[in-house]
Amino acid sequence: MPTPSSASAPIRRLTLRDLTACADLSEDRGWPREEHKWGFLLTAGTGYGIDDPGGGLVAACTVTEYGPHGRPSLAAIGMVLVAEHHARQGVGRRLMRHVVSELGTTPLTLHATPYGRPLYEELGFKVTGRAEMVRGRFTPVGPEPAIATRAATAEDLTTILRLDEEVFGADRTPIVTRLPAFADQLRVAEEDGRIIGYAAAWPNMDTHVVGPLIARDTETAKALIGSLAARTDRPLRTDIDVRHEELLAWVRERGLAVVAPNAVMTYGITELPGDWSRRFAPLTVAAG
(Lines give C-alpha, C1' and ligand atoms only; values in the text may rest on other atoms or scores of the structure.)
Protein backbone atom coordinates (compact mmCIF):
# COMPACT_ATOMS: atom_id res chain seq x y z
CA MET A 1 0.00 0.00 0.00
CA PRO A 2 1.34 3.49 -0.78
CA THR A 3 2.20 5.72 2.18
CA PRO A 4 -0.33 8.55 2.64
CA SER A 5 1.08 11.95 1.68
CA SER A 6 0.89 14.95 3.98
CA ALA A 7 0.25 17.07 0.88
CA SER A 8 -3.16 15.42 0.46
CA ALA A 9 -3.97 14.80 4.12
CA PRO A 10 -7.18 16.52 5.19
CA ILE A 11 -7.19 19.67 7.30
CA ARG A 12 -9.17 19.02 10.46
CA ARG A 13 -10.28 20.76 13.63
CA LEU A 14 -8.01 20.26 16.62
CA THR A 15 -9.16 19.58 20.18
CA LEU A 16 -7.52 19.37 23.60
CA ARG A 17 -6.65 15.76 22.74
CA ASP A 18 -4.13 17.27 20.30
CA LEU A 19 -2.40 19.37 22.96
CA THR A 20 0.72 17.19 23.20
CA ALA A 21 1.03 17.01 19.40
CA CYS A 22 0.76 20.83 19.20
CA ALA A 23 3.46 21.22 21.85
CA ASP A 24 5.65 18.68 20.02
CA LEU A 25 5.25 20.72 16.84
CA SER A 26 6.32 23.89 18.66
CA GLU A 27 9.39 22.11 19.98
CA ASP A 28 10.18 20.75 16.51
CA ARG A 29 10.47 24.34 15.23
CA GLY A 30 12.59 25.52 18.14
CA TRP A 31 9.75 27.24 19.98
CA PRO A 32 8.94 26.62 23.66
CA ARG A 33 6.34 23.89 24.14
CA GLU A 34 3.85 26.35 25.68
CA GLU A 35 1.24 23.76 26.71
CA HIS A 36 -0.54 26.29 28.92
CA LYS A 37 -1.03 28.72 26.03
CA TRP A 38 -1.95 26.00 23.53
CA GLY A 39 -4.59 24.68 25.93
CA PHE A 40 -6.08 28.15 26.32
CA LEU A 41 -6.21 28.82 22.58
CA LEU A 42 -7.70 25.41 21.78
CA THR A 43 -10.53 25.95 24.27
CA ALA A 44 -11.18 29.68 23.77
CA GLY A 45 -10.85 29.38 20.00
CA THR A 46 -10.46 26.82 17.22
CA GLY A 47 -7.41 24.85 16.16
CA TYR A 48 -6.73 23.57 12.65
CA GLY A 49 -4.17 20.93 11.79
CA ILE A 50 -2.85 18.41 9.30
CA ASP A 51 -1.89 14.97 10.59
CA ASP A 52 1.49 13.49 9.83
CA PRO A 53 1.09 9.94 8.46
CA GLY A 54 4.03 8.99 10.68
CA GLY A 55 2.38 10.40 13.80
CA GLY A 56 1.91 13.85 15.25
CA LEU A 57 1.11 16.95 13.23
CA VAL A 58 2.55 18.27 9.99
CA ALA A 59 1.09 21.74 10.59
CA ALA A 60 -1.21 23.60 12.93
CA CYS A 61 -2.66 27.01 13.71
CA THR A 62 -5.29 28.57 15.95
CA VAL A 63 -8.14 30.98 15.27
CA THR A 64 -9.72 33.16 17.96
CA GLU A 65 -12.99 34.83 16.98
CA TYR A 66 -14.41 38.01 18.53
CA GLY A 67 -17.87 39.52 18.42
CA PRO A 68 -21.35 37.97 18.41
CA HIS A 69 -21.37 34.16 18.43
CA GLY A 70 -21.79 32.89 14.88
CA ARG A 71 -21.27 36.39 13.46
CA PRO A 72 -17.70 37.34 14.44
CA SER A 73 -16.55 40.87 13.69
CA LEU A 74 -12.85 39.95 13.89
CA ALA A 75 -10.72 36.80 14.00
CA ALA A 76 -7.07 36.42 15.00
CA ILE A 77 -4.85 33.73 13.49
CA GLY A 78 -1.88 32.50 15.48
CA MET A 79 0.52 29.66 16.27
CA VAL A 80 1.04 28.96 12.56
CA LEU A 81 3.60 26.15 12.50
CA VAL A 82 4.85 23.60 9.97
CA ALA A 83 7.09 20.69 10.98
CA GLU A 84 10.71 21.14 9.96
CA HIS A 85 10.78 18.14 7.62
CA HIS A 86 7.71 19.48 5.77
CA ALA A 87 8.86 23.10 5.54
CA ARG A 88 9.00 24.92 2.20
CA GLN A 89 6.63 22.42 0.58
CA GLY A 90 3.51 24.60 0.47
CA VAL A 91 1.91 23.02 3.55
CA GLY A 92 1.64 26.30 5.47
CA ARG A 93 0.19 28.03 2.42
CA ARG A 94 -2.48 25.31 2.05
CA LEU A 95 -3.40 25.51 5.73
CA MET A 96 -3.65 29.30 5.64
CA ARG A 97 -5.73 29.33 2.46
CA HIS A 98 -8.12 26.86 4.08
CA VAL A 99 -8.48 28.96 7.23
CA VAL A 100 -9.01 32.20 5.31
CA SER A 101 -11.66 30.46 3.22
CA GLU A 102 -13.35 29.01 6.31
CA LEU A 103 -13.62 32.46 7.88
CA GLY A 104 -15.33 33.90 4.80
CA THR A 105 -15.90 37.64 5.05
CA THR A 106 -14.71 37.95 8.67
CA PRO A 107 -11.90 40.54 8.96
CA LEU A 108 -8.64 38.91 10.05
CA THR A 109 -5.55 39.89 11.97
CA LEU A 110 -2.26 38.25 12.89
CA HIS A 111 1.21 39.06 14.18
CA ALA A 112 3.87 38.03 11.68
CA THR A 113 7.53 37.27 12.21
CA PRO A 114 9.90 38.40 9.44
CA TYR A 115 10.04 34.73 8.37
CA GLY A 116 6.28 34.34 7.99
CA ARG A 117 5.46 37.77 6.60
CA PRO A 118 6.05 36.98 2.87
CA LEU A 119 3.48 34.14 2.96
CA TYR A 120 0.85 36.34 4.58
CA GLU A 121 1.51 39.13 2.09
CA GLU A 122 1.08 36.63 -0.72
CA LEU A 123 -2.33 35.74 0.73
CA GLY A 124 -3.42 39.39 0.81
CA PHE A 125 -2.59 40.46 4.36
CA LYS A 126 -1.30 44.02 4.78
CA VAL A 127 1.02 45.42 7.45
CA THR A 128 -0.97 47.90 9.52
CA GLY A 129 1.18 48.17 12.66
CA ARG A 130 4.12 46.84 14.64
CA ALA A 131 4.74 45.45 18.10
CA GLU A 132 7.92 44.71 20.02
CA MET A 133 8.34 41.73 22.30
CA VAL A 134 10.25 42.70 25.44
CA ARG A 135 11.58 40.37 28.09
CA GLY A 136 13.61 40.57 31.26
CA ARG A 137 13.63 40.93 35.02
CA PHE A 138 11.76 44.06 36.02
CA THR A 139 13.74 46.30 38.39
CA PRO A 140 11.91 49.31 39.86
CA VAL A 141 13.67 52.62 39.19
CA GLY A 142 12.60 56.00 40.56
CA PRO A 143 9.16 56.91 41.87
CA GLU A 144 6.30 54.56 41.06
CA PRO A 145 3.18 55.87 39.28
CA ALA A 146 0.70 57.26 41.83
CA ILE A 147 -2.23 55.21 40.57
CA ALA A 148 -3.93 52.66 42.80
CA THR A 149 -4.11 49.04 41.69
CA ARG A 150 -5.60 45.97 43.35
CA ALA A 151 -6.42 42.36 42.63
CA ALA A 152 -9.55 41.98 40.52
CA THR A 153 -12.60 40.35 42.09
CA ALA A 154 -15.55 38.49 40.61
CA GLU A 155 -17.62 41.65 41.06
CA ASP A 156 -15.27 43.50 38.68
CA LEU A 157 -15.84 41.17 35.73
CA THR A 158 -18.81 43.00 34.22
CA THR A 159 -16.93 46.31 34.31
CA ILE A 160 -13.78 44.72 32.88
CA LEU A 161 -15.79 43.18 30.02
CA ARG A 162 -17.41 46.52 29.21
CA LEU A 163 -14.06 48.36 29.26
CA ASP A 164 -12.36 45.66 27.22
CA GLU A 165 -14.98 45.73 24.46
CA GLU A 166 -14.85 49.52 24.31
CA VAL A 167 -11.06 49.54 23.91
CA PHE A 168 -10.58 46.38 21.82
CA GLY A 169 -13.48 47.19 19.52
CA ALA A 170 -15.09 43.74 19.71
CA ASP A 171 -16.60 41.49 22.37
CA ARG A 172 -13.92 39.23 23.90
CA THR A 173 -16.11 37.58 26.55
CA PRO A 174 -14.80 34.01 25.91
CA ILE A 175 -11.23 35.27 26.41
CA VAL A 176 -11.74 37.66 29.32
CA THR A 177 -13.94 35.31 31.37
CA ARG A 178 -11.21 32.64 31.20
CA LEU A 179 -8.53 34.98 32.57
CA PRO A 180 -9.11 34.29 36.30
CA ALA A 181 -8.36 30.60 35.74
CA PHE A 182 -5.66 31.09 33.10
CA ALA A 183 -3.63 33.86 34.72
CA ASP A 184 -1.71 33.86 37.98
CA GLN A 185 -2.60 37.52 38.48
CA LEU A 186 -5.48 39.72 37.31
CA ARG A 187 -5.33 43.31 38.53
CA VAL A 188 -7.29 46.50 37.98
CA ALA A 189 -6.30 50.16 38.23
CA GLU A 190 -8.76 52.48 39.94
CA GLU A 191 -9.43 56.19 40.26
CA ASP A 192 -12.22 57.51 42.51
CA GLY A 193 -13.67 53.99 42.70
CA ARG A 194 -13.79 53.65 38.90
CA ILE A 195 -11.81 51.01 37.00
CA ILE A 196 -9.55 52.73 34.45
CA GLY A 197 -7.49 49.75 33.34
CA TYR A 198 -6.74 46.09 33.86
CA ALA A 199 -3.96 43.62 33.17
CA ALA A 200 -3.14 39.97 33.65
CA ALA A 201 0.10 38.05 34.14
CA TRP A 202 0.00 34.42 33.02
CA PRO A 203 2.67 31.72 33.24
CA ASN A 204 4.56 30.71 30.11
CA MET A 205 7.59 28.48 30.62
CA ASP A 206 9.92 30.43 32.95
CA THR A 207 8.27 33.84 32.44
CA HIS A 208 5.09 35.68 33.30
CA VAL A 209 3.50 37.20 30.22
CA VAL A 210 1.77 40.54 30.80
CA GLY A 211 -1.40 40.69 28.73
CA PRO A 212 -3.96 41.85 28.04
CA LEU A 213 -2.91 45.34 29.10
CA ILE A 214 -5.74 47.86 28.79
CA ALA A 215 -5.23 51.26 30.41
CA ARG A 216 -6.58 54.80 30.31
CA ASP A 217 -3.10 56.21 29.67
CA THR A 218 0.60 55.42 29.89
CA GLU A 219 0.85 56.16 33.61
CA THR A 220 -1.93 53.68 34.29
CA ALA A 221 -0.19 51.07 32.13
CA LYS A 222 3.04 51.62 34.08
CA ALA A 223 1.22 51.20 37.40
CA LEU A 224 -0.32 47.92 36.28
CA ILE A 225 2.97 46.49 35.00
CA GLY A 226 4.77 47.57 38.17
CA SER A 227 2.13 46.00 40.40
CA LEU A 228 2.26 42.70 38.48
CA ALA A 229 6.07 42.67 38.57
CA ALA A 230 6.11 43.24 42.34
CA ARG A 231 4.18 39.99 42.83
CA THR A 232 6.30 37.57 40.81
CA ASP A 233 9.89 36.38 40.92
CA ARG A 234 9.85 35.40 37.24
CA PRO A 235 11.08 37.50 34.32
CA LEU A 236 8.33 39.42 32.54
CA ARG A 237 7.48 39.23 28.86
CA THR A 238 5.02 41.29 26.87
CA ASP A 239 4.33 42.61 23.37
CA ILE A 240 3.88 46.38 23.23
CA ASP A 241 2.45 48.37 20.34
CA VAL A 242 5.37 50.49 19.07
CA ARG A 243 3.19 53.61 19.08
CA HIS A 244 3.47 53.49 22.87
CA GLU A 245 7.02 54.82 22.76
CA GLU A 246 7.00 56.15 26.33
CA LEU A 247 5.98 52.79 27.79
CA LEU A 248 8.58 50.94 25.73
CA ALA A 249 11.31 53.31 26.96
CA TRP A 250 10.04 52.91 30.55
CA VAL A 251 10.17 49.09 30.56
CA ARG A 252 13.62 49.12 28.91
CA GLU A 253 14.90 51.39 31.68
CA ARG A 254 13.66 48.78 34.13
CA GLY A 255 15.42 45.77 32.64
CA LEU A 256 13.22 44.51 29.80
CA ALA A 257 15.05 44.21 26.48
CA VAL A 258 13.57 44.00 23.00
CA VAL A 259 13.64 40.34 21.92
CA ALA A 260 11.84 40.39 18.60
CA PRO A 261 9.71 42.65 16.40
CA ASN A 262 6.39 41.56 14.93
CA ALA A 263 4.40 43.05 12.08
CA VAL A 264 0.70 43.46 12.86
CA MET A 265 -1.17 42.46 9.71
CA THR A 266 -4.83 42.63 8.70
CA TYR A 267 -7.01 41.15 5.99
CA GLY A 268 -10.33 42.69 4.98
CA ILE A 269 -9.83 45.84 7.09
CA THR A 270 -7.30 48.67 6.86
CA GLU A 271 -6.79 48.97 10.62
CA LEU A 272 -7.82 47.22 13.79
CA PRO A 273 -11.03 48.36 15.50
CA GLY A 274 -11.13 49.95 18.92
CA ASP A 275 -8.91 52.52 20.63
CA TRP A 276 -5.23 51.78 20.16
CA SER A 277 -4.25 54.59 22.56
CA ARG A 278 -5.62 52.50 25.46
CA ARG A 279 -4.66 49.08 24.08
CA PHE A 280 -1.05 48.55 25.14
CA ALA A 281 -0.50 44.78 24.80
CA PRO A 282 -2.50 41.75 23.68
CA LEU A 283 -3.21 38.69 25.78
CA THR A 284 -0.81 36.99 23.38
CA VAL A 285 0.13 37.80 19.80
CA ALA A 286 -1.51 34.50 18.81
CA ALA A 287 -4.90 35.90 19.85
CA GLY A 288 -4.53 39.35 18.36
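This is a friendly conversation about how some features of this predicted model get their names.

Biologist: What should I keep in mind before we start?

Modeller: The model is predicted, so local features need pLDDT of at least 70 and side-chain atom pairs count only at pLDDT 80 or more, while totals for chains, interfaces and linings use all residues. Residues are numbered from 1 along each chain as its sequence is written, and side-chain values use heavy atoms, with hydrogens and water left out.

Biologist: Let's begin with Asn204. Why is Asn204 called buried?

Modeller: Buried means under 20% relative accessible area, exposed means over 50%, and partly exposed is in between, using a 1.4 Å probe and protein chains only. Asn204 has 2% relative accessibility, so Asn204 counts as buried.

Biologist: Where does Asn204 lie, and what does Asn204 touch?

Modeller: Asn204 is in strand 9, residues 194-204. Helices (H or I, at least four residues) and strands (E, at least two) are DSSP runs, numbered from the N terminus. Not counting residues up to four places away in sequence, Asn204 touches Glu34, Val209, Arg234 and Arg237; contact means heavy atoms within 4.5 Å.

Biologist: How many bridges join strand 9 to strand 10?

Modeller: Seven bridges join strand 9 to strand 10 (residues 207-215), and the two run antiparallel. Here Gly197 has Ala215 in strand 10 as its bridge partner. This hairpin has two residues between its strands, and Met205 in the turn has a positive phi of about 55°.

Biologist: What makes Asp206 and Arg135 a salt bridge?

Modeller: A salt bridge is a side-chain nitrogen of Lys or Arg within 4 Å of a carboxyl oxygen of Asp or Glu. The closest N and O atoms of Asp206 and Arg135 are 3.0 Å apart, so the pair qualifies. The pair links distant parts of the chain, 71 residues apart: Asp206 is in the loop between strand 9 and strand 10, and Arg135 is in strand 6 (residues 126-136).

Biologist: Why are Asp206 and Arg135 called partly exposed?

Modeller: Asp206 has a relative accessible area of 47%, so Asp206 is partly exposed.

Biologist: What does the salt bridge of Arg278 and Glu166 link?

Modeller: Their side chains meet at 2.9 Å, N to O. The pair links distant parts of the chain, 112 residues apart: Arg278 in the loop between strand 12 (257-267) and strand 13 (279-281), and Glu166 in helix 5. Arg278 is buried because its relative accessible area is 17%, whereas Glu166 is partly exposed at 47%.

Biologist: How many salt bridges does the structure hold?

Modeller: The structure holds 25 salt bridges. Asp24, Glu27, Arg33 and Glu35 are linked in a network of them.

Biologist: Now to helix 5. How do you know that its span is close to the expected one?

Modeller: The expected span of a helix is 1.5 Å times one less than its number of residues. Helix 5 (residues 157-168) has 12 residues and reaches 16 Å from its first C-alpha to its last, close to the 16 Å expected.

Biologist: Which residues of helix 5 are buried, and why are they said to be on the same side?

Modeller: The buried ones are Ile160, Leu163, Asp164, Val167 and Phe168. They cover an arc of only 115° around the axis, so they sit on the same side of helix 5. The arc is that of the directions from the helix axis to the C-beta atoms. On the other side, Thr158 and Arg162 are exposed. Just after helix 5, Gly169 takes a positive phi of about 90°.

Terms used: Pairing = 2+ DSSP bridges.
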